[in-house]
Amino acid sequence: MTGTKYDILYTWVDDSFPGFREERAQYATNPDDLNPERTRDNLDLLKYSLRSIERHAPWRGKVWIVTCRPQVPAWLNTEHPDVRIAYLDEFMPAEELPCFNAFAIESYVHRIPGLSDRYVHFNDDMLLMRKVGTEHFTTAEGRLKYYFDRLLPAEPKPDMAPHGSGQRNVWHTLERTFGRGGGYPQHAHQPRIIDKSDMVRLVSTYPEEFTRTRAARFRAHDTILPHKLLAAHLVQEGRAEFVGFRRTKRLMRMVRLFNSAPRNRLRLFWAWMRHPHFLCLNDDFGPLINERAESVASRFLKFLFPDPSGYES
């Protein structure tokens with residue numbers, strides 16, 4: 001689709017920002033609420049992701065950074081004509097703030113004024129490694145494409161975290177709508193295209209599930225993952241294109257970063273050798289980061305994208 005532009009939207013936070021950890025602690029009710037792997041910004045991954053989209057996403061329109069007031073990355077060029085900051089209090093109800101639940105936030109971002117009707121949602125740990133075109137997100141006829149790499153879990157597991165419970169809740173939500181047909185696919189952890197009208201329809205289709213998710217300040221066991229529900233629901237309806245497990249795994253890689261320098265070095269090298277289009281670097285360092293393990297990831301990012309982008313000041 002030549003000439004098509006999609007806005008890119010990031011959800012981002014930095015828990016080292018003054019006051020953030022103290023405010024989070026006021027509302028936390030269990031240790032999982034304080035998990036630093038979801039909120040720290042020790043590798044400046046957003047900076048490198050922006051370098052990757054400048055190099056590999058010529059179709060990008062505006063770039064939106066969704067965060068909590070008054071946070072802004074210190075290095076961000078806020079004077080760039082395409083950069084937009086969207087604070088949670090601009091599109092979420094006041095009674096649901098502060099919010100530390102990425103899935104509740106995700107359920108609202110389609111309401112952001114000025115956001116393109118179709119946008120591509122990145123987590124800040126997602127990178128483009130090769131040229132990515134609009135054909136990776138839509139068919140020639142304009143149907144959305146969604147990438148799946150496994151089945152959603154149907155049964156609970158011992159010590160399942162809220163994220164896993166959310167995946168399971170998506171499975172049961174789909175089962176109630178479409179019946180039990182041998183399993184439902186799980187959208188891969190990579191950038192996803194979203195049509196605002198599809199999100200509006202999804203919220204109206206599953207009001208109870210979205211009400212529970214939006215009411216949770218932190219991830220909880222009775223909530224859903226909106227983008228995983230959206231992708232699977234649209235495919236089940238025949239309104240979106242299903243990209244199967246094998247093709248998805250050829251196009252994307254997810255590297256979990258642990259507190260082991262040799263392990264990180266091997267996993268990052270292996271991912272790079274596979275030449276994926278999409279790469280996710282997931283924080284699994286634990287509560288205390290090993291500096292050598294962190295340094296391996298930092299050097300890898302600088303090797304991939306050494307030059308500052310126009311989004312940096």
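# Sheets, helices and a cavity

Strands β5, β11 and β10, in that order, form an open sheet with mixed pairing (strands are DSSP runs of E with at least two residues, helices are runs of H or I with at least four, and both are numbered from the N terminus; two strands pair when DSSP finds at least two bridges between them). The model is predicted: local features need pLDDT of at least 70, side-chain atom pairs count only at pLDDT 80 or more, and totals for chains, interfaces and linings use all residues. Residues are numbered from 1 along each chain as its sequence is written, and side-chain values use heavy atoms, without hydrogens or water.

Strand β11 (residues 278–283) runs parallel to β10, and six bridges join the two.

## The β7-β6-β9 sheet

Another open sheet has three strands in the order β7-β6-β9, again with mixed pairing. At its edges stand β7 (185–187) and β9 (240–243); each has a single partner strand, so one side of each is left without a neighbour in the sheet. Here the twist averages 50° from one strand to the next. Three bridges hold β7 and strand β6 (residues 144–151) in an antiparallel pair, and R150 stands opposite Q186 in β7.

## Helices α5 and α7

How do the axes of α5 and α7 cross? The axes of helix α5 (residues 196–205) and α7 come within 11 Å, and they cross at roughly 95°. The two helices are therefore roughly perpendicular to each other, a term that covers 65 to 115 degrees. On the α5 side the contact is made by D198, M199, R201, L202 and T205; on the α7 side it is made by P226, L229, L230, H233, L234 and E237. These residues divide into six nonpolar, two polar and three charged (Asp, Glu, Lys and Arg count as charged; Ala, Val, Leu, Ile, Met, Phe, Trp, Tyr, Cys and Pro as nonpolar; the others, Gly among them, as polar).

## The cavity

A search of the whole structure finds one cavity of 30 Å³ or more (on a 1 Å grid over the protein atoms alone, a set of points where a 1.4 Å probe fits but cannot get out; lining residues have an atom within 4 Å of a point). The largest cavity has a volume of about 30 Å³, a volume being the space filled by probe spheres set on the grid points. Its lining consists of E106, V109, Y119, H121, I194, M199, P226 and H227. Both β4 (118–123) and α7 (226–237) supply at least two of the lining residues. The lining divides into five nonpolar residues, two polar and one charged.

## Backbone details in loops

|---|---|---|
| R69 to P70 | near 10° | P70: between β2 (60–67) and β3 (83–87) |
| L97 to P98 | about 0° | P98: between β3 and α3 (102–106) |

D44 is not a glycine, yet D44 has a positive phi of about 55°. D44 lies in the loop between α1 (20–27) and α2 (45–56).

Terms used: 1 Å grid on protein atoms, 1.4 Å probe; cavity = no way out; pocket = protein on both sides within 12 Å on 5 of 7 lines; lining within 4 Å. Axes fitted to C-alpha atoms, helices over the stretch in contact; angles between N-to-C directions. Parallel < 35°, antiparallel > 145°, perpendicular 65-115°, else oblique. Contact = heavy atoms within 4.5 Å.
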